[in-house]
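Visitor: Please walk me through this model, one feature at a time.

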Amino acid sequence: MHALAGLGGIASRYEAVLSDIWGVVHNGVRAHPLAVEALVSYRRQGGRVVLISNAPRPKGPIIAMMDGFGVPRDAYDDVVTSGDATRVILEQYRGQTVHYVGPPRENDSLFEGLDITIGPAEAAAAVVVTDLDTDSDTPDMYNDRITVWLDHNLPLIAANPDRVVEHGDRLIYCGGALADLYEARGGMIVMVGKPYKPIYTEALRLAEQAAGRSLDRSRILAIGDSVRTDAIGAAGAGLDLLFITGSIHAAELDAFGNPDPEAVRRLVEPSGATMAGFMAKLAW
C-alpha cells in the first residue's frame, strides 16, 4: 500500500484499464487534464482503455458530455454505462407503466424505443430511479413518496447505484442513496452498474474487443474513487485497483495534504480489492 506518482510507474504491468469517469476523468463540469494526459499516454504505449460509469444514461449521451468537458476521444477505446445495463433490465417492462424519479434529461435516452409509459406510482409496475429530481434534494425528502411505493409493493430499479458524486466542488446525492433508504424501509431494490457483475462483464468484453485478443484478469487495472462501487467492483471482477483518493474521500484521507497510507488501507481493505497503489488525482 503506497502512494504512486503516476500511472506510468505501473503501466507496464497492465494491458488494459477500466477507469471510472466521474471523479477520475472529470468532475462533472470539466475534464481533469492530468487524468486525460495519463489515459492518452497509456493508450499510446499500446494499452486499451474502457471507461466504466454508473451514469444512468446510455453511452451515447455520456460520450457527447465528455466531448463538451474537453475529454478527447483518443483518451479511451470505448464506454459502458449503468444506463446501458438498465435498458436490458427494462426490456421486461415493455408495454407497461413505470414510475420515474430523476432529472427529465435522463428520461428520454434511458427509455427511448422501449415502449414503456412513464406514469404515477399508483399505476406502475416498478419505480426507476436515475438520480434525485434535483441536485439539492436529499433522500429523506422522499419518505412520503416511498410510503406510496411500499403500499403498492413496487420494486425500485436503481439505474445509478452511486450514493454521491462529485460535481465541481460539491458532492450531490445519487440514485443509490435513495435505493438505500427504500431498502432500509423494507422495499425491494434492483441495483444496476458498479459494483455488480453485468457491467464488468460488458466492460471486459469491450476491452478484449479493443485489444483484439483475450486478456488475463491479472493484466487489467481498475481505476476508481469509490470504495462502494469501484473497489468492491474490482474485487468481484478479480482486478487490481488504483484508488483515487482526491475525490469523494478527499477530506477523510487528507488526499492533498499528508495522506496516511494506513488510513487508505483501512478504508479500502473491507472491499477485498487488491491495491496497485493510490494517488490523489490520476496522472501519468
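Visitor: What volume does the largest pocket have?
Guide: About 530 Å³, as the space filled by probe spheres on grid points joined across faces, edges and corners. A pocket is an open set of points on a 1 Å grid over the protein atoms alone, where a 1.4 Å probe fits, with protein on both sides within 12 Å along at least five of seven lines. This is a predicted model: local features need pLDDT of at least 70, side-chain atom pairs 80 or more, while totals for chains, interfaces and linings use all residues. Residues are numbered from 1 along each chain, and side-chain values use heavy atoms, without hydrogens or water.

Visitor: Which residues line the largest pocket?
Guide: Lining residues have an atom within 4 Å of a point. Here there are 36, with N160, D162, V164, V165 and C174 nearest the centre. Two or more come from each of α2 (59–69), α4 (104–111), β8 (164–167), β9 (170–173) and α8 (227–237). These elements are DSSP runs, numbered from the N terminus (helices: H or I, at least four residues; strands: E, at least two). By class, the lining has 14 nonpolar, 9 polar and 13 charged residues. Asp, Glu, Lys and Arg count as charged; Ala, Val, Leu, Ile, Met, Phe, Trp, Tyr, Cys and Pro as nonpolar; the others, Gly among them, as polar.

Visitor: Where does P195 lie?
Guide: In the loop between β10 (189–191) and α7 (197–211). A cis peptide bond joins K194 and P195, with omega about 10 degrees.

Visitor: What is phi of D115?
Guide: Near 55 degrees, a positive value in a residue other than glycine. D115 sits in the loop between α4 and β5 (117–118).
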